[in-house]
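Here is a short briefing to read alongside the model. Have the sequence and the 3D view open, and follow the residues as they come up.

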Amino acid sequence: MPNARRASRAVLAVAVFATVTGLAPLRGEPAQPARRDPAAREWIQLFNGRDLADWTPKFAKQELGENFRNTFRVENGLLQVRYDQWPSFDGEFGHLFYKDPFSYYLLAAEYRFVGQQVTGGPGWAIRNNGLMLHSPHPRTMPRDQDFPISLEIQLLGGLGTGPRTTANLCTPGTNVVYNNKLHTQHCTNSTSQTYDGDQWVRVEVLVHGDELVRHSVDGRTVLEYSKPQIGGGSVSGFDPAVKIDGTPLTGGYISLQAETAPIDFRKVELVNLEGCTDPRAANYKSYIVKSNPSLCR
């Protein structure tokens, strides 16, 4: 079988060449996995598309962990906020908290508003939701606290009556530095366009601790500020031991709102910008902003 012998010799020659040149492991040594591109962003899917694992609800007037009136749910691969089991609204603002805190990161959410506001909801909350960042742990919220002390990336849907920007900033129990001045105004509009109807919108928020917060919509920067800190009003029912005005907000928990408007989220994802900056490590990432050697592998 001359053809078979020639094929065997060719395979043997390739194997010897690979071993001599270091392109293959020696016999008995495990193959090393290919190293990932250190510049490729690693997105963490905070919402897994199946259920509310890793998320905890907190509604005003309710205990931590109670998903009041089945408001937060997952259907058809979407994280939904729904009010079909509410006879009316009586101040029970809700928030759904992710399990882990973050400090340096890029957060992205893709959302659309759907349906009608719950009966009794305030006029300003029509097609209104938010991404709440830098919150203290939700267990620090007393039963009747309405909003977490946080930075709210306010999500607004157009009403078909004129301009209504999204990715605005609201500050329940916080202040920021904006245009180089301490900014105490509760809500500040972005420069985004208006998104009428039920169209999908992608919002990204770049966060560098308390050094920088930048809002983007569909890839365009629409708002930027720095030095978030505890202060101001627009939050009630809080624990005074937690709301110590002037305290820098360098990190914290992320939550999604239930603010009387039905909404869908098809994606909530995050790139952690705190990590390993040692090029020798297997998990080195060139885009890391805050070095944490303890995370190197």
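**Leu 107 and its surroundings**

Leaving out neighbours within four places in sequence, Leu 107 is in contact (heavy atoms within 4.5 Å) with Leu 46, Leu 131, Leu 133, Val 203, Glu 204, Val 205, Ile 254, Val 268, Glu 269 and Leu 270. Please keep in mind that this is a predicted model, where local features need pLDDT of at least 70, side-chain atom pairs count only at pLDDT 80 or more, and totals for chains, interfaces and linings use all residues. Residues are numbered from 1 along each chain as its sequence is written, and side-chain values use heavy atoms, with hydrogens and water left out.

**Nonpolar cores**

- A nonpolar core is a set of buried Ala, Val, Leu, Ile, Met, Phe, Trp, Tyr and Cys residues joined through side-chain atoms within 4.5 Å; buried means under 20% relative accessible area, with a 1.4 Å probe and protein chains only.
- The largest such core has 49 residues, and Leu 107, Leu 131, Leu 133, Ile 153, Val 203 and Phe 265 have the most contacts inside it.
- Strand β6 gives this core its largest share, five residues.
- A second, separate core has eight residues, among them Tyr 104, Leu 106, Leu 206 and Leu 212.
- In soluble globular proteins, nonpolar side chains tend to be buried together.

- Strands are DSSP runs of E with at least two residues, helices are runs of H or I with at least four, and both are numbered from the N terminus; two strands pair if DSSP finds at least two bridges between them.
- Of the ten residues of β6 (residues 104-113), nine are buried, so the strand is largely enclosed by the rest of the structure.
- Eight bridges pair β6 with β13 (residues 201-208) in the antiparallel sense, and Leu 107 stands opposite Val 205 there.
- β6 also runs antiparallel to β17 (residues 263-272), joined by nine bridges, with Arg 112 opposite Asp 264.

**An open sheet**

- Seven strands form an open sheet in the order β2-β5-β16-β7-β8-β9-β12, with antiparallel pairing.
- Its edge strands, β2 (55-59) and β12 (187-188), each pair on one side only.
- Two bridges link β12 to the antiparallel β9 (residues 168-170), where Leu 169 stands opposite Thr 188.

**The chain as a whole**

- The secondary structure comes to one helix and 19 strands.
- Of the 297 residues in the chain, 47% are buried.
- Among contacts with a separation of 6 or more, 68% are between residues 24 or more positions apart.

Technical notes. Buried means under 20% relative accessible area, exposed over 50%, partly exposed in between (1.4 Å probe, protein chains only).
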